[in-house]
Amino acid sequence: MTTRGRVALKVGVWAVALAPLAALLYGFATDDLTVNPIEYVTRQLGETALRLLLATLALTPLRIVSGWSWPITLRRLLGLLAFFYAVLHFAVWIVLDHFFDWHTMGDDIAKRPWITVGLTALVLLVPLAATSTTGMIKRLGGRAWRRLHRLVYVAGILGCLHYIWLAKKVLIQPWVYATILMLLLAVRLWNSGRGLARRAEQKKAQKIVIGSRG
Ligand code: HEM
């Protein structure tokens with residue numbers, strides 16, 4: 001892909017990702033955030049965070065299936081945008097839902113285990129956001145960095161669980177997200193299995209060559 005194409009793609013991602021926030025700000029300015037604005041804003045921010053997290057997780061499987069390399073150039077941007085929305089979602093819970101009342105927050109966490117699940121997902125995203133720079137990749141080393149960043153899958157699973165669990169009745173939407181996540185994980189697992197089989201074949205071929213020489 002050309003540099004111009006890459007820039008256009010990133011501008012498109014910024015525009016699409018920031019549209020839900022712009023819609024919320026417009027709704028606030030025009031006093032049009034439904035009869036329960038706090039719940040509405042919390043939900044919109046949570047759902048956008050989950051969508052962006054799944055979009056981040058879709059990039060490697062997309063490269064595996066298509067052979068294209070450009071999806072990987074969007075990974076850091078989409079991951080940071082997902083983190084940004086998750087932090088806003090959390091901030092609304094602290095500031096607007098609980099007005100910094102640590103007691104009621106503690107009660108909420110104790111009474112509603114799905115809050116703990118969401119909190120764990122957010123905590124897992126913190127080291128990933130902190131080590132997303134090129135400098136940190138170099139400092140950690142590619143292997144350790146990749147291993148650490150596999151936590152994003154755990155955050156995705158917890159994000160889906162948070163949504164499935166918080167719904168008071170069975171909703172189709174959280175299951176749609178969970179199914180997408182399972183499909184993405186299945187592609188990664190299939191690819192890892194393929195890599196292992198390929199390495200085993202290579203080792204076997206090497207042994208045969210060495211054996212035939214000896
Ligand atoms: C990566 C982290 C997180 C993700 C991906 C996430 C995602 C979501 C999603 C998808 C929803 C449902 C939206 C809808 O109904 O349309 C939601 C709702 C909610 N989340 Fe999160 N969340 C995360 C972290 C948190 C944290 C840290 C807290 C608070 C400590 C939290 C508190 C809530 C609350 C209070 C609701 C609204 C529940 C209701 O409507 O009754 N979430 N979240």
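**The ligand shell and its helices**

Reply: Read along the sequence, the protein follows the pattern α-α-α-α-α-α-α-α-α. It contains 9 helices and 0 strands, where helices (H or I, at least four residues) and strands (E, at least two) are DSSP runs numbered from the N terminus. The model is predicted: local features need pLDDT of at least 70, side-chain atom pairs count only at pLDDT 80 or more, and totals for chains, interfaces and linings use all residues. Residue numbers start from 1 along each chain as its sequence is written.

The C-alpha trace of the protein spans about 80 × 45 × 35 Å along its principal axes. Of the 214 residues, 17% are buried; a residue is buried if 20 or more other C-beta atoms, placed from the backbone, lie within 10 Å of its own, exposed if 12 or fewer, and partly exposed in between. Among contacts in the protein with a separation of 6 or more, 68% join residues 24 or more positions apart, two residues being in contact if their C-beta atoms, placed from the backbone, lie within 7 Å.

The shell around the ligand has 23 residues, of which Arg 43, Gly 46, Gly 118, Ala 121 and Gly 159 come nearest. A residue is near a molecule or strand if its C-beta atom, placed from the backbone, lies within 6 Å of it. By class, the shell divides into 14 nonpolar, 6 polar and 3 charged residues; Ala, Val, Leu, Ile, Met, Phe, Trp, Tyr, Cys and Pro count as nonpolar, Asp, Glu, Lys and Arg as charged, and the others, Gly among them, as polar.

At least two shell residues are supplied by each of helix H2 (37-66), helix H3 (75-97), helix H5 (113-130) and helix H8 (151-166). The largest share, 8 residues, comes from H2.

The axes of H2 and H3 come within 8 Å and cross at roughly 160°; axes are lines fitted to C-alpha atoms, for helices over the stretch in contact, and angles run from 0 to 180 degrees between N-to-C directions. H2 and H3 are therefore roughly antiparallel to each other, given that angles under 35 degrees count as roughly parallel, over 145 as roughly antiparallel, 65 to 115 as roughly perpendicular and the rest as oblique. The contact of H2 with H3 has 17 nonpolar, 6 polar and 2 charged residues.

For H5 and H8, the axes come within 8 Å and cross at roughly 160°, which makes H5 roughly antiparallel to H8. This crossing is left-handed. The residues of H5 that meet H8 include Gly 118 and Ala 121, and those of H8 that meet H5 include Gly 159; Gly 118, Ala 121 and Gly 159 are also among the residues that come nearest to the ligand. By class, the contact of H5 with H8 has 14 nonpolar, 4 polar and no charged residues.

Finally, H2 contains Pro 37, which counts as partly exposed because it has 16 C-beta neighbours inside 10 Å. The loop between helix H1 (3-29) and H2 holds Asp 31, which has a positive phi near 55°.

Terms used:
A crossing is left-handed if the near helix is turned anticlockwise from the far one by less than a right angle, and right-handed if clockwise.
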